[in-house]
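I am opening a notebook on this structure. The entries below record what I looked up, topic by topic.

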Amino acid sequence: MSSSTVFSELNLSAPLLQAIEELGYVSPTEIQEACIPMLLEGRDVLGLAQTGTGKTAAFALPLLDKIDLSQRCTQVIVLAPTRELALQVTDAFNDFSKHISGLSVLPVYGGQSFKVQLDGLKRHPKVVVGTPGRVIDHLNRGTLKLDGLKALVLDEADEMLRMGFIDDVETILQHTPETKQMALFSATMPKEIQRITKRYLNDPQTVQVSPRNSTKGSIAQSVWFCNHVHKKDALLRLLQADLEDAAIVFARTKQDTIDIATWLQDNKVAALPLNGDMNQAHREQTIQQLKSGKTDVVVATDVAARGIDVERIALVVNYDLPFDSEAYVHRIGRTGRAGRSGKAITFVKQNQKRLLRQIERDTSTRLEPMGLPSVDDVLKLRKEQLKEKVLAEIAKPNMERFANIVREIQSELENVQDADLLTALLALAQAEEPLFIKDFPKPKRGEYNDRGERGDRRRRDRNDRNGRDRGERGERGDRGDRRDRKPRRSSNEKMECFRIEVGLEHGVQAKNIVGAIANEADISSKFIGQIKLFDNHSTVELPEGMPSDVLTHLNKVYVCNRQLKMKRMQ
Ligand code: AMP
């Protein structure tokens, strides 16, 4: 939550204040207001905060001010659990330091060629942001030296623990000078993180920020209760009636992002998928297209959308309900950027109402039930857009060639009234992008309405037994979804156990399994439960009801040169 303090009161240097202003930050967030003075003072900090609270600036800004530009060595290192987060933090450091000349920031993470990183490290970057495994590799090779280190940040420490990186983190800590300053950020404080804090932080100051304060700007949050209208049709209608700027649509699987984006493209909406199957360059290109307005809608998975910061996103649609409240806060935070207002619409099925209530409780927000825009709403908007286009066209120069044709038609078709001619031209002009859209079928008795209420149940059951009208895609689609996917629950959700054909004798470690599943199935690692390693196989707990296409894909994934061949256990 923003405060009444302004950045200039926080004793940050002028180049940083200038960068902050250019980024459009008006006042510091709660965590920034608390952390910046402490870190400037040289204190160690324990920040209990998650993504979306502004924690990156809370440590990056003061630590940038601690860097001595005359010393040619790495002075700040940030350890992050994933490549995505490392890149996001690097971007933030670059944004904040853009008016400080001679300050370089280098990301180092697994998966990127060593050569690029070695070249970067030879230039002694003042700040290194890395994932623990790759940082250790560089320390062991002697290509990264931390003798002159002034500060170390552990970002998302609990996530590092979940991913099995905590031993690596400790190894790195042991390579750093005792005198360095430390900041540790974690959304939760499991025992192991408490131990690390006690052992490595020096009399830390604790700052706690609750997630409910973490949504910035003003975001109007609503819920659409799925009914007889299929979700794809509902999404299209929303975008047809409400796409003032850009939108981001969250789907659960990578395949869904492609299917939904293709469906929108087929219906003349400029949409693109964004998922973990796309390489980094392709993903960045997609985000760039959203920024520049070449595309208006991005359909993304949670993991791929992490850290997207595009001001023109005015609408977030949760096509599939997120796994938990934290993911919800993170998703809707993609809108309402830089003090703008935004809208978030969440699609909720009847069997997901419990999770919806949980999200409402956790975020102390009530999601307003909404109906879909009507055909008339869409028509009204399209007519307005058409009028604007016509006016813009009239204002264009060199229209004489067209005027000549009109005069020619008028003289040849003497009996045709001008109004009829205009009408015919309009009908031709809109043939590509029709003004008029079809209405949805009316709900039958017993079906859910937009507010999630339904009428006479017996009638519905009778309809079901007799076989409902399968010609209506909405009913068929919804029934299919209900059968195939069980509802996800929040943190205490039910787990299922799976066997995978890779074990200790193949050299596997829990972090390899977490990494493979998190990346390949696009599941945040926090949803991956206990992993047990045996000699020739392992077991892993995953949320109940994993879609079968995800399992089929995981079957074929290689870890330590062996296919997982994942099988559900009894
Ligand atoms: P973080 O929690 O560090 O991932 O930050 C979440 C988002 O909030 C980032 O996209 C930042 O650009 C944005 N942000 C951070 N601090 C501020 C601020 N003081 N005012 C406005 N936006 C901010």
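I count a contact when heavy atoms lie within 4.5 Å. I am working with a predicted model, in which local features need pLDDT of at least 70 and side-chain atom pairs count only at pLDDT 80 or more, while totals for chains, interfaces and linings use all residues. Residues are numbered from 1 along each chain as its sequence is written, and side-chain values use heavy atoms, with hydrogens and water left out.

Entry on M566. I looked up what M566 touches, not counting residues up to four places away in sequence. I found F498, R499, I500, I517, V540, L542, L551, L554 and N555.

Entry on the cores. I take a nonpolar core as a set of buried Ala, Val, Leu, Ile, Met, Phe, Trp, Tyr and Cys residues joined through side-chain atoms within 4.5 Å. Buried means under 20% relative accessible area, exposed over 50%, and partly exposed in between (1.4 Å probe, protein chains only). The largest core has 54 residues, and M566 is among those with the most contacts inside it, along with I77, L154, I517 and V540. Helix α21 (residues 510-520) gives the most to this core, with five residues. Helices (H or I, at least four residues) and strands (E, at least two) are DSSP runs, numbered from the N terminus. Why does this core lie between domain 1 (7-208) and domain 4 (472-568)? Both domains give residues to it; their bounds come from an automatic or database domain assignment. Another core, of 40 residues, lies apart from this one and includes L39, A57, F96 and F185.

Entry on β1. From strand β1 (residues 45-48), V45 and G47 point one way and L46 and L48 the other, and all are buried. Strands pair if DSSP finds at least two bridges between them. β1 pairs in the parallel sense with β6 (residues 181-186) over four bridges, and four bridges also join β1 to β7 (residues 205-208), again parallel. V45 stands opposite A183 in β6 and opposite Q205 in β7.

Entry on α14. How many of the eight residues of helix α14 (residues 325-332) are buried? Seven are, so the helix is largely enclosed by the rest of the structure. The buried ones are S325, A327, Y328, V329, H330, R331 and I332. They pack against β8 (218-225), β9 (246-250), α13 (302-305), β12 (313-318), β13 and α15. At the start of α14, a side-chain oxygen of D324 reaches to within 2.9 Å of the backbone nitrogen of A327.

Entry on Q350. I found Q350 in the loop between β13 (341-348) and α15 (353-363). Q350 is buried, with a relative accessible area of 15%. The side chains of Q350 and K353 are joined by a polar contact of 3.2 Å. Such a contact is a pair of N or O atoms within 3.5 Å; within protein, one must be able to donate a hydrogen and the other to accept it, and residues adjacent in sequence count only if both atoms are side-chain atoms.
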